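Work through the exercises below with the sequence and the model side by side, and try each task before reading its solution.

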Amino acid sequence: MELRQQNNQRRLLDFGHPQIVLIVSAFILYPFFVSDYLIDIAFFFGIYALLGLSLNIVLGEVGLFDLGHAGFYAIGAYTTAILNTRYGVPILVLLPVSAIAAGLFAYLVCSPIIHLQGDYLLIVTLGMGEIVRLALINNPFDLTGGPNGVFGIDFPSLGTWFVIDSSIKYYFLIWIVVALSIVGLTRLQQSRIGRAWNYIREDEIAAKASGVDVRSFKLLAFILGAGLAGVAGNIYASKLMCVSPESFTFWESCLMFCIVLIGGMGSIPGVIIGAAFISLFPEIFRPFAMYRMLVFGSAMILMMMFRPGGVWPRKRGAVSFTSLLSTNGREHG
Amino acid sequence: MKLVKCFVVVCGLLSILAPSSVLGESGTVVIGLQGPITGAWAYEGQMAKQSCEIAAELINKKGGILGGKMIELRVVDDAGEPKTGALAAQKLVGQKDVVAAVSTYGSSVCEPASNIYERFKKVNIGYGVTAVRLTQRNFTYFFRTCGRDDSQGQFFADFIPKKFNATRIAIMHDNTAFGKGLAEDTKRALEPMVASRGIQIVYYDAITPGERDFRVPLTNLRESKPDVWYFTGYYAEAALLVSQARSIGITCPFIGGNAAINDEFVKIAGIDIAKGCYMTNEPLPGDLPYQEAREFLASYRDRFGEIPSSPWPIYAADALNIIAHAVDKTGSTDSGVLAKYLRDEVNGVPGITGPIGFTDQGDREGVPFYLYVVDEKGNIVVSR
């Protein structure tokens, strides 16, 4: 036990990888050299990275098809928007609140459907995402403002002396959240929970037979995924200062799905690359206007033909029992 | 070192993104257009782009502005999404030579975009953004050439009592968000006239959409003896209401909101009943009587074969025209000067959609609505 703890400590503060140091410093230096427009693109790249990571828990780790993830994203964004504009709750306080709201919603909605397999679950979650969007349009209890949405959301701030109000500050906010999520999720991957998830994905019956509580682990994945999407919703809402139902369409769910598939199911660096592809590609090809989606579609098809496992598929070597206990058990991930 | 390679590739891609040349050709005035060139509203965006091209071309043909400078249009696509709208606005404000922007179609896209224009102090004029709240934010640089959601009610209040010499007004709605909203706006707009002009709202009630027999509410309506009767719901109920009203002896003019009368209405009610029914509606491009409109639409038809089929693109052309006008008259491209000029000095400048002026909040002054009527043949034409 002691050994393992030491091992974890080392991994967190590991500067032995020059590539990682290089990438992190590139991310830190990037906004100081480019225009606000390019910073904003990188911001939305961050939002999609976070959304991709959140869906990756459900789709990548456990292999549950979820095409309604935009619903959780919307719940997070609207929780932030409504509580902030009506009751003046600060945005940063609402960050965990949005996560909890989205997670709670996922728990309530997914509990009865969690036993569904494959395509069936996909259809139900697809319906769920659409129902959330339609509910927002119908303005329940005069809360969501109908098709116009909620507007006038504050900037995130700590008192009055530190207000996140510029592109560059938002950039750091989102990427710090993404970095923390990556650290957390990497450690989750290597934990008991992560292994149980992968076990369920590979063979649910075997997992059940070995004593893995399949239902609870699947629900946990949904709750964590939804919570992370709720966090993304919170930051998105405060960045745009308004939320409206057309930000949470079925298309957004599709994009998140693509991010995970392009990157490689269950692979965290893959998700980041997938998010880069999804968020940067449309901007690069915007001059092509009408042909943009055509190019986008063909790129996806080519991608799936030549790299069906994703750009950066997850490699998982066999892990021996002793290596889990030894100090350099780093072959996995 | 695979990661390093990836990083290099990403950096390479980003450098492609960097704006290649931010400065326009010397001797041009650059005006931005942010619109949904792709996406669900691409049709609207494309027409707005074409309209702005024509408007710029017409100005350039007449020798440009500021003694010979040409207008250059720079289009950015917001795909009709709030997120992309924010990016598009950020892209335009980053280009120092863009004087002002025509932006955009869709209130929820305009909201985040106009926040950015405001923060970076750039005049932006909306052309298809009707949410009332947009001009209630006390922004300095936001204007719109189109009307607001409550313009129709205002138009009714300004125009109808005079035209029909009516003092007793009945308003009927159908409890839908749209119908009730329009009825409330109309009532609110009429209220100041209650004391000054002796106008009375003698009937204000809702019917239940989907029903077939409206004789009970109509009997109440008859008892209130209205001079005109405004129905703010949809055509299916409107047709039944008019037929049944005529059969129980209500003869006052029927005026429908912009969802009440269409070809379907004429079909259901029959020409005998439908003729002489009125409707408040946004003017379609072909119905505009102004010289500027004729000239603009002629050029548009020459180039693209037909005139815009939606009312909104011509507001984009007018937004471009008024920016050009402001730059020409002030001789300045400074946002502060332009915003002040647009707010304080622009008044009754002839435009394609009629005289242009702005209120202190940045709303269009005057209400771009028309009264349409069903004629003898069942066509819906402008009531002159």
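**Exercise 1.** Find what percentage of the residues of chain B count as buried.

*Solution.* Of the 384 residues of chain B, 47% are buried, a residue being buried if 20 or more other C-beta atoms, placed from the backbone, lie within 10 Å of its own. This is a predicted model, in which local features need pLDDT of at least 70, side-chain atom pairs count only at pLDDT 80 or more, and totals for chains, interfaces and linings use all residues. Residues are numbered from 1 along each chain as its sequence is written, while chains are lettered from A and ligands numbered from 1 in the order in which they are written.

**Exercise 2.** Describe the open sheet of seven strands in chain B.

*Solution.* Begin with the strand order, E7-E6-E8-E9-E10-E11-E12, in which the pairing is mixed; strands are DSSP runs of E with at least two residues, helices runs of H or I with at least four, numbered from the N terminus, and two strands pair if DSSP finds at least two bridges between them. Next, the edge strands of chain B are E7 (200-206) and E12 (380-382), each of which pairs on one side only. Finally, E10 (residues 278-281) and E11 (residues 370-374) of chain B are antiparallel over four bridges, and B:Thr280 has B:Leu371 of E11(B) as its bridge partner.

**Exercise 3.** Determine how helices H7 and H10 of chain A are oriented.

*Solution.* The axes, lines fitted to C-alpha atoms over the stretch in contact, come within 11 Å and cross at roughly 175 degrees. H7(A) is therefore roughly antiparallel to H10(A), the term for angles over 145 degrees.

Conventions
Axes fitted to C-alpha atoms, helices over the stretch in contact; angles between N-to-C directions. Parallel < 35°, antiparallel > 145°, perpendicular 65-115°, else oblique. Buried ≥ 20, exposed ≤ 12 C-beta atoms within 10 Å, placed from the backbone.
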